[in-house]
Protein chains: 2
Amino acid sequence: MKVIKFGGSSLASSTQLQKVLSIVEADDQRKYVIVSAPGKRFDGDTKVTDLLIQYARQTIHHQDTTAVMSTIIDRYAEIGHGFEVPEAQLTPIFDTIKNLPKQTYADNTYLMATFKAHGERLNAQLVAAVFAKSGLNARYLDPKEAGMVVTDVPDDAQIIDSSYDNIAKWANSDQILVIPGFFAYNRNGQICTFSRGGSDITGAIIARGVNAERYENFTDVDAIYAVNPSLVAQPAAIQEMTFREMRELSYAGFSVFHDEALIPAIQGNITVNVKNTNHPEAPGTLIKSTKDNSTDYPVTGIASSSSFCSLYIRKYLLNKEVGFGRKILTILEDHHVSYEHMPSGIDDLTIIFDEHQLTPELESTLKAEIAEAVQPDEIYFTHDYSILMIVGESMRNRVGIMSRAATALADHNIKLIMVNQGASEISIMFGVHDRDADQAVIALYNEFFK
Amino acid sequence: MKVIKFGGSSLASSTQLQKVLSIVEADDQRKYVIVSAPGKRFDGDTKVTDLLIQYARQTIHHQDTTAVMSTIIDRYAEIGHGFEVPEAQLTPIFDTIKNLPKQTYADNTYLMATFKAHGERLNAQLVAAVFAKSGLNARYLDPKEAGMVVTDVPDDAQIIDSSYDNIAKWANSDQILVIPGFFAYNRNGQICTFSRGGSDITGAIIARGVNAERYENFTDVDAIYAVNPSLVAQPAAIQEMTFREMRELSYAGFSVFHDEALIPAIQGNITVNVKNTNHPEAPGTLIKSTKDNSTDYPVTGIASSSSFCSLYIRKYLLNKEVGFGRKILTILEDHHVSYEHMPSGIDDLTIIFDEHQLTPELESTLKAEIAEAVQPDEIYFTHDYSILMIVGESMRNRVGIMSRAATALADHNIKLIMVNQGASEISIMFGVHDRDADQAVIALYNEFFK
């Protein structure tokens, strides 16, 4: 029994959906099909989710929605007509799109959530109709009927644990159940979505709930690669990786699989298989709790992300001061800012943040409040900050990885502004200037994979 | 105008004091002489301070103090008689020792502070008498008369800033002023001591107060060495180092110069010169705000200390949790525990402590409270934890130091359990198992100094 999830690019057109149909038909264990909203058909195309966001905004601002509404309808119509789905089944889908502005919403955040969720909701209904038309014993299963209940946060909901007992009742289904990703309902029956990219999360939740043997996550790459393919030509494919490796690599920019989607998979110990809709015979990448085959490489993957910034704080005798760190962290918490790392020296402290959390105003506020609270001798933000990570279970207990990595970087004259090893046994983190980041990744890849 | 401080071994006997006398006579700028209590004369000897602690304890417990009291008196008598100081000047010193138990004290902590302080106090009186007997224009200056006022913490007092204005009035003294180290008086006139080793602090305070051109700190080594001489034969002597380098090296075990004593020196920008009483012609080590001569070595010194332990905490999705770090640090603060470093991974956090702060009971309490507050998946203490530091202003902006250091350690098969670079630009910190620490220091020394 497998849960199988398709991303937006796999469902962007009737041509793509034909591949999806073949994949589902090829394995009768594939009983739970999670679908995203139709994605881009070509470079420059607009995802249906983005059209729905525009539709919602125009509705909120009482603007003319005719054009965007009909563009959305056309996207579903193209797929439906491609499979000769009867108009009687398409009309309710089109009507739902038309009627979205006429429903009542508790407020605009719920309105936005409902509009966005319909990208997946209507696509799942359409895919179920296509499957049925093609002779499969398939039907649409709404998250409400499935028993998925989430917290009442319209745009960043979390699954409530009792949902898993509800979903378990759907285990061992004879029928193929087509389930929309990305959203579910709060206890009041209102639609709330997961964070963006959340169809992966729905798939993982269903997989855990029905205790699937495998969760197949279909996307548009043959495998997860050991390094960003835009930096290195034909990089090594990762055949197997652990949940922990994936977590650490996601952190520094690996974006193939939605980070939070690992949680239900880990909790249910469900092996995840990332595969390619356009090349389904390729084995893809397995993500699981432990690896069966150790490779020759001590490092599994190398990632980098420039979306970080740092706050440097210097104060004489810092390390003797009880409460210094706590005061700073309390200020961050008051502003709902989480920090990534906090390397500290004797008289210095650097706090590294995900830059997306900060605005120039918030930075000024944080700087002023911290300066007030701890009276540092020096305090400033730095934005020219990339984090590189080398990750691998095989690094555990192996001597000499740091030596090889640091030497590879030094040979390319790359200045290390931060090195953090030790909290995790399976990764080393380097801070470099943004301008050096790509070259650093390439140097590390060549050191560990060539 | 120089402030000159002598440690306990330089004042342990009349033979040693003769050397001190010659040093003071050799330079008429040496007007402020800070003295410690008489130290050990030979391996296995007992420092007068330790005798005084015993004397205080016996007094507190109403035990017979005759033996320890006369041992203390004998130490001063040996020095006094060695210089033929008239009995009329020695008798008041002996009487003060005898009468210590008869004074009244606010409580036993004040009693202890007063007993201990008399090691320095009486030695300064004796040294002043010896100097005078030898024809120097010298006199005893009590910290009270000097205007040194400290916070009301009997065993860990801090200087109050207004003291510096008082001390400034003693600038440009014609007389040689012999001042006891280690203690001063609170606003109520009670004796309070600095933390142990605090004669260095008194010297630095006087040096800042009188705006000395130099603070000469006489001890029993020719220089501060780049590495612990018990690990490496004839290590490189450090000719010049910055305050910051000294701070960072002190942290990881460099114990030649009392860490806190740097503060007044830095504040007053007073150059410190560590010299050898037994070899005063050697130039010693200069510690100053900036270095005049850069050496060929990128690294100034290498230090290690095994007095650390770590608390490892793992929790899934740790780095997304606002408030996690703050909750932990609040618990530490509630127990008055300061932490050294807090390297964090994606789902892991390690907190490194100075082991001396913790007892097994306190560790259990911290672990239980943190477990309660943040519900970690895993939490444990590790005591097999040494910290090594390589420190050097010349490391700033230089590429390749990490490569050389990590390779030297890997070549000796030393496992790195922690690497921390980046908070400070002038140091790299390595965590290794205690059993590897000495070999690691030697490997790093050979890499950077051979």
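Predicted model: local features only at pLDDT ≥ 70, side-chain atom pairs only at ≥ 80, totals over all residues.
**Stop 1: α2 and α3 of chain B**

Select residues 48-60 of chain B, helix α2, together with residues 66-82 of chain B, helix α3. Their axes cross at roughly 155 degrees and come within 9 Å. The angle is over 145 degrees, so α2(B) and α3(B) are roughly antiparallel to each other. The crossing of this pair is left-handed.

Now show side chains. From α2(B), the contact takes in Val48(B), Leu51(B), Leu52(B), Gln54(B), Tyr55(B) and Gln58(B). From α3(B) come Val68(B), Met69(B), Thr71(B), Ile72(B), Arg75(B) and Tyr76(B). Coloured by type, the residues of this contact give 8 nonpolar, 3 polar and 1 charged.

**Stop 2: α4 and α5 of chain B**

Stay in chain B and select helix α4, residues 87-99, and helix α5, residues 108-133. At what angle do they pack? The angle is about 175 degrees, and the axes are 10 Å apart. That makes α4(B) roughly antiparallel to α5(B).

On the α4(B) side, pick Gln89(B), Leu90(B), Ile93(B), Thr96(B) and Ile97(B). Their partners in α5(B) are His118(B), Leu122(B), Gln125(B), Leu126(B) and Ala129(B).

**Stop 3: Ala157 of chain B**

Centre on Ala157(B), in the loop between α6 (143-146) and α7 (163-168) of chain B. Is Ala157(B) buried or exposed? Ala157(B) has a relative accessible area of 3% and is buried. Leaving out residues up to four places away in sequence, Ala157(B) touches Val150(B), Thr151(B), Cys192(B), Thr193(B) and Phe194(B). For a distance check, draw a line from the C-alpha of Ala157(B) to that of Gly198(B): the two are 9.9 Å apart in space and 41 residues apart in sequence.

**Stop 4: α9 of chain B**

Move to helix α9, residues 243-251 of chain B. How many of its residues are buried? The helix is mostly covered, with 8 of its 9 residues buried. Those buried residues are Phe243(B), Glu245(B), Met246(B), Arg247(B), Glu248(B), Leu249(B), Ser250(B) and Tyr251(B). After α9(B) comes Gly253(B), which has a positive phi, near 115 degrees.

**Stop 5: Asn413 of chain B**

Most residues other than glycine have a negative phi. Asn413(B) is not a glycine, yet its phi is positive, about 60 degrees. Look for Asn413(B) in the loop between α13 (401-411) and β16 (418-421) of chain B. With 57% relative accessibility, Asn413(B) counts as exposed.

**Stop 6: Phe182 of chain A**

Switch to chain A and select Phe182(A), in the loop between β4 (176-180) and β5 (183-185) of chain A. Phe182(A) also has a positive phi in a residue other than glycine, with a value near 80 degrees. Its relative accessibility is 5%, and Phe182(A) counts as buried.

**Stop 7: α2 and α5 of chain A**

Select helix α2, residues 48-60 of chain A, and helix α5, residues 108-133 of chain A. The two axes come within 8 Å and cross at roughly 150 degrees. α2(A) and α5(A) are therefore roughly antiparallel to each other. Which hand does the crossing of α2(A) and α5(A) have? The crossing is right-handed.

The α2(A) side of the contact consists of Val48(A), Thr49(A), Leu52(A), Ile53(A), Tyr55(A), Ala56(A), Arg57(A), Thr59(A) and Ile60(A). They meet Asn108(A), Leu111(A), Met112(A), Phe115(A), Lys116(A), His118(A), Gly119(A) and Glu120(A) of α5(A). This contact divides into 9 nonpolar, 5 polar and 3 charged residues.

**Stop 8: Pro229 of chain A**

Select Pro229(A), in the loop between β8 (224-225) and β9 (237-238) of chain A. Pro229(A) counts as partly exposed, at 44% relative accessibility.

**Stop 9: the domains of chain A**

Zoom out and colour chain A by its domain assignment: domain 1 is 2-220 and domain 2 is 301-449. The C-alpha centres of these domains lie 39 Å apart.

Conventions
Residues numbered from 1 in each chain as written. Chains lettered and ligands numbered in written order. Heavy atoms only, no water. Axes fitted to C-alpha atoms, helices over the stretch in contact; angles between N-to-C directions. Helix = DSSP H or I, 4+ residues; strand = E, 2+ residues; numbered from the N terminus. Parallel < 35°, antiparallel > 145°, perpendicular 65-115°, else oblique. Contact = heavy atoms within 4.5 Å. Left-handed = near helix turned anticlockwise from the far one by under 90°. Nonpolar A, V, L, I, M, F, W, Y, C, P; charged D, E, K, R; others polar. Domains from an automatic or database assignment. Buried < 20%, exposed > 50% of the residue type's maximum accessible area, 1.4 Å probe, protein only.
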